[in-house]
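Please consider the sequence and model shown below.

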Amino acid sequence: MKPVSAQEASDEIRNLYKSISQAFCVPNVPLFFAYLANYPAYFMTVVPELLQNFEDKKFHELTSSIGTEMTIRMKEYVP
């Protein structure tokens, strides 16, 4: 199996690729999603749900606090 490129993707998947890239603030869709696109029915069900989470303020607060906590804990183990 190989990742589905934007050029190979259907219009629906390509549109979600754009939304994913915008949500992650990256120029290209992360590979996880490109591989997931091999299963279009699953992709079209799961990705819109994930995008709702990415747009939620609480989601960003939680992921930020996790990142901060990870940084603090890593400093305990890395000189």
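How many residues does helix α1 have, and how far does it reach from its first C-alpha to its last? The model is a predicted one. In it, helix α1 spans residues 11-24, which amounts to 14 residues. Its reach from the first C-alpha to the last is 20 Å, close to the 20 Å expected at 1.5 Å a residue.

I13, L16, Y17, I20 and S21 are the buried residues of α1. These residues lie on the same side of α1, because the arc they cover around the axis is only 145°. An α-helix has 3.6 residues a turn, so residues three or four places apart point the same way. Helices α2 (31-36) and α3 (40-54) are among the elements that cover the buried residues of α1. On the face turned away from that buried side, α1 carries the exposed residues D11, E12, K18 and Q22.

Just after α1 comes C25, with a positive phi of about 55°. This is a positive value in a residue other than glycine. C25 belongs to the loop between α1 and α2, and with a relative accessible area of 70% C25 is exposed.

L31 counts as exposed because its relative accessibility is 56%, where the cut-off for exposed is over 50%. Together with M1, Y35, Y39 and Y42, L31 forms a nonpolar patch on the surface. The accessible area of these residues together is about 610 Å².

Conventions
Residues are numbered from 1 along each chain as its sequence is written. This is a predicted model: local features need pLDDT of at least 70, side-chain atom pairs count only at pLDDT 80 or more; totals for chains, interfaces and linings use all residues. Side-chain values use heavy atoms; hydrogens and water are left out. Helices (H or I, at least four residues) and strands (E, at least two) are DSSP runs, numbered from the N terminus. The expected span of a helix is 1.5 Å times one less than its number of residues. Buried means under 20% relative accessible area, exposed over 50%, partly exposed in between (1.4 Å probe, protein chains only). The arc is that of the directions from the helix axis to the C-beta atoms. Contact means heavy atoms within 4.5 Å. Patches are made of residues with over 30% relative accessible area and no salt bridge: like charges are joined within 9 Å, nonpolar side chains (Val, Leu, Ile, Met, Phe, Trp, Tyr) within 5 Å. Accessible areas come from the Shrake-Rupley method with a 1.4 Å probe; for residues, only the protein chains shown count as cover. A salt bridge is a side-chain nitrogen of Lys or Arg within 4 Å of a carboxyl oxygen of Asp or Glu.
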